[in-house]
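Subject: Structure handover and notes

Hello,

Please keep the viewer open while you read, and look up each residue as it comes up.

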Amino acid sequence: MVNEDGTRSGYGYDFLRMASRYLNVDYEYIGYDKSWDDMLTMLQNGEIDLVTSAQKVSNREEFFDFSKPIGTSSAILTVRSDNNQIIEQDYSTYEGMRIGMLLNNTRNDDLKTFADEHHFSYESVYFSSSRELADALQRGEIDAIISSSLRRTENKRVIEDFAISDFYAIVNKGNTHLLDEINYAIDQMNAAEGDWTNNLKYKYYNHTGDRNLDFSDREKELIHQYASGEKTLTVTCNVDRDPYSYMENGELRGIIPDIFAMIMDKAGIPYTVKIPKSRKEYEELQKSEAVDLFMDARFPSETYVEDNHLALTAPYINMTMAMVTRRDFDGTIKKIAVADHQGLSKIEDGLNNSSLNYGSFHNSNHDQEVEEIQTSSRSEALNMVLDGKADATFVYLYTAQKFVNQDERGLLTYTALESPVYPHYICLSSTVDHELSGILTKCIYALPNSEIESLISKYTRYKAENITPFTLIRLHPGISVFALIFLVWILLTLIFLQMKLHTRQKMLAFEQKKAIEMNHLARQAQEANHSKSRFLSNMSHDIRTPLNAIIGFANLAKCIAYNPEKTQDYLSKILISSNHLLAIVNDILEMSRIESGKLQLTEAPCCLTDIVDEVAVIINEQTHERNQTFTIDVSSLKNPYILCDKLRMKEILVNLLGNSVKFTPNGGTIALTIIEKTDTSSSDTQNQESVDKFVDKFGLYEIHVKDNGCGMSPEFMKKIFEPFEREQNSTVSGIQGTGLGLPITKRYIDMMNGKIEILSEEHKGTEIIITLRNKLTKPIEHSEDSTSSPMLSQNEFAGSRILLVEDNELNREIASTILIENGFRVDVAENGAIAVEKVKSSEAGFYNIILMDIQMPVMNGYEATRNIRALDDPALSNIPIIAVSANAYEEDKSASLSAGMNGHIAKPIDMNELFQTIHLILKERNSTEIK
């Protein structure tokens, strides 16, 4: 494409510009204004050397050579956005359609095949250009258009997307030199440019952004009820966030009310605005049911929305922060102005989560604290900065833009922060039909970006009414005495020129400073992008590797159904690959929880030697397979009983020792040593004979993990704790992993206020030293139940009836089969509502236990459990319930217990753990009934 000023753009153009980075080549663009057939003829005649975005079909392969794929396309069938007669995938409504198509387009053949497969007929109407096609559709001369997906859709709705295929750059037959050059560039782009094909496809042909209003019959009826006055809406908005939302002459003004008005206008729904007098009154309205809609909702989580029976639209505006300073700001914040409702801690949290680190504004002397100046409003905080009484303040971005733009003296500047980002929604109260949120969401998606940008500009740009009388007098002096005015004018002109020169010098210095900052940010972004690309490359390989094994062995097992020994071998390998894939997913999710700050340590009395014994069971099995020598030395431990998070302590040891096993050759040695040292920071370390020697006493422990494996290079040691970093990927090293083990371990140790040190030399081995300071506790009394799992007899569950509540059909089939094989009589329910009814209608003792999924349609597992626990009959309300869910974190387990369940088992289900849990729950229940 070429616009009026000659600027080129388009998928093919961007591909060529990207390819030119890797070739010594210049392009001349010819024929882009011709038809597709004309371009192919010009290519065949030698007038053009290269054409992009061509499909590979037999009649073209005779005349042209094709490059490696440069993208994928498909056939799309589109109708007018307001056409409700033709229903997606209801092929009876397709019958007899008049379908417009381009002459000699290969997608015409794809449509014929598609229509034959789905048994509908159509009338073909041919056109010579895409423009004629689009105009004919809008005039109603045709019902639909068949075309390639390589075009944008405007005022149209895609009803079918099929026949996906690659497309290529093509050259004249036999032009191997140019073809080799293009293929070389494609190889380099695939290696260096990330997912460039999808990026270009999204940029130029993304259809999800061209959403049109298409209300269902139910939605139209609801709109009619509001439009006719049968139902009414009262809405409100906060009023102290100029220019987002504020009061002016008794009216609600601002960006948010105006966008909301555009949304409601598209929906055709009238409303009444209730304007609060203050933020306090607005917060009181949030707690009452006096208002139906809130224009500017922002909530901490979807859980809050659910628990309060609210409904939200899609977000329609993202509010970000900006730092406002004077132009002569030296980079060190000594005084910060903070509005009453903000709080300095929130600002610091936001900055710490953004690319603009709050620590960079502290003095080099870290002992000096930043003085917080409390103000009653954001406007007062901004004026404090303007008057030099504060070094900086932090406000919403458009608030900063408006204030800075309207400062006629030009003393202020602002820096936009990438995060935090506060998405804002329209919130519906519990009294409103929640289907209205879907209507408003469709209207939000239909808002043109250009209109929103114009609206924002209206509130933030410099306005003529802001010019002061002093400025007018200076620009238009009086004419009482001509000579005096002339002299004054000259004087003012000289002053103005001098000020302008000075301002330009300051602006130049400021721009140079900003350029340096932007270069630094660009380098950081480039490094982050490289890290992400490496991660995606490694993850793509490491996840596909076990998936390939699972799919491959499953197919092999299907083909040899009559060879039990071989089938068992394949199933065993499928299980090994599945466990490896689960470990990869768990590592990625754990790192995500750590980075987001959701992970909390749970300290409890533990015994270090017990932890070591449990870890040794895992590591001994691994070292035995590789004929490695594994030694443990805990002889120096005098006080092994400490407070710690046992699960994370085990994970630390398993991660470190597991790495040693992986990176130590067969026959090598691995050693674990734990040394207890004197804690010099304790006030009374020598008082070991005291009766209360474990009260407020700490132990200092050094954990050494040493091996004689391959070691690490000094370069890799510098980035060893960065997520997804590996010295070699698994393709090169032959060792599977995510590059997350050590970063996760490092985060755990940091959370425990410990230290980790790594000593390593290539080809000689590695030693990792961890130092932890833990509070001592009294010795733990071990019971038989705590040290060993109960042995289950073969007929343990014979005759027991279990209610399996699971919405996924395959999961139900798997679980039912295993439960029946272990003696259970199994009854099933597809969702929580069915489960509640089955329990209600059962007799006492009919169900021995319930296995409850959590996320289900109609009624989830938590609601179902609460309904069962609320039954009047104690024999039914007290049936044991075990959660079986893919939600596997501690907070998920706590949520299950809080809902009234007796246990929580994570998916994928460990059947041994499930049966042990059932055994213990039924045993406890039986003993309680006997008492």
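Helices here are DSSP runs of H or I with at least four residues, strands are runs of E with at least two, and both are numbered from the N terminus.

Before going further, please note that this is a predicted model, in which local features need pLDDT of at least 70 and side-chain atom pairs count only at pLDDT 80 or more, while totals for chains, interfaces and linings use all residues. Residues are numbered from 1 along each chain as its sequence is written, and side-chain values use heavy atoms, with hydrogens and water left out.

**The chain as a whole**

The protein chain has 31 helices and 31 strands. Of its 931 residues, 40% count as buried, where buried means under 20% relative accessible area, exposed means over 50%, and partly exposed lies in between (1.4 Å probe, protein chains only). If we take contacts (heavy atoms within 4.5 Å) between residues at least 6 apart in sequence, 75% of them join residues at least 24 apart.

Which residues of α2 (residues 36–44) are buried? They include Met39, Leu40, Met42 and Leu43. These residues lie on the same side of α2, because they cover an arc of only 160° around the axis, the arc being that of the directions from the helix axis to the C-beta atoms. As background, an α-helix has 3.6 residues a turn, so residues three or four places apart point the same way. Among the elements that cover the buried residues of α2 are β1 (50–55), α3 (58–61), β2 (64–66) and β7 (156–172).

**Two nonpolar cores**

A nonpolar core is a set of buried Ala, Val, Leu, Ile, Met, Phe, Trp, Tyr and Cys residues joined through side-chain atoms within 4.5 Å. The largest one has 66 residues, and those that touch the most other members are Ile259, Ile263, Leu293, Tyr316 and Leu436. Helix α9 (residues 255–267) gives the most to this core, with eight residues. Apart from it lies another core, of 40 residues, which includes Ala616, Ile770, Leu772 and Leu776. If we leave aside neighbours within four places in sequence, the contacts of Leu293 include Leu233, Phe260, Ile426, Val432 and Leu440.

**Aromatic rings**

Rings of Phe, Tyr and Trp (its six-membered ring) pair if their centres lie within 6.5 Å, and planes under 30 degrees apart count as stacked, over 60 as edge-to-face and the rest as tilted. The structure holds 23 such aromatic pairs. One of them, formed by Tyr11 and Phe167, is edge-to-face, with 5.3 Å centre to centre and 65° between the planes. This pair links distant parts of the chain, since Tyr11 in helix α1 (residues 11–19) and Phe167 in strand β7 are 156 residues apart. Both Tyr11 and Phe167 are buried. Phe120 and Tyr122 form a tilted pair, at 6.5 Å centre to centre and 55° between the planes. Of these two, Phe120 is buried, with a relative accessible area of 6%, whereas Tyr122 is partly exposed, at 23%. Ring pairs also link Phe120 and Tyr122 into a cluster with Tyr91, Tyr94, Phe114 and Phe162.

How many of the eleven residues of strand β26 (residues 765–775) are buried? Eight are, so the strand is largely enclosed by the rest of the structure. Two strands pair if DSSP finds at least two bridges between them. Strand β24 (residues 698–707) pairs with β26 in the antiparallel sense over ten bridges, and Leu700 stands opposite Arg773 in β26. Arg773 also lies over the face of Phe698, at 4.1 Å from the ring centre; a charge sits over a ring if NZ of Lys or CZ of Arg is within 6 Å of the ring centre and within 35 degrees of the ring normal. Strand β25 (residues 755–761) runs antiparallel to β26 and is joined to it by seven bridges, with Gly765 in β26 as the bridge partner of Glu761. β25 and β26 form a hairpin with three residues between them, and His763 in the turn has a positive phi of about 70°.

Best wishes
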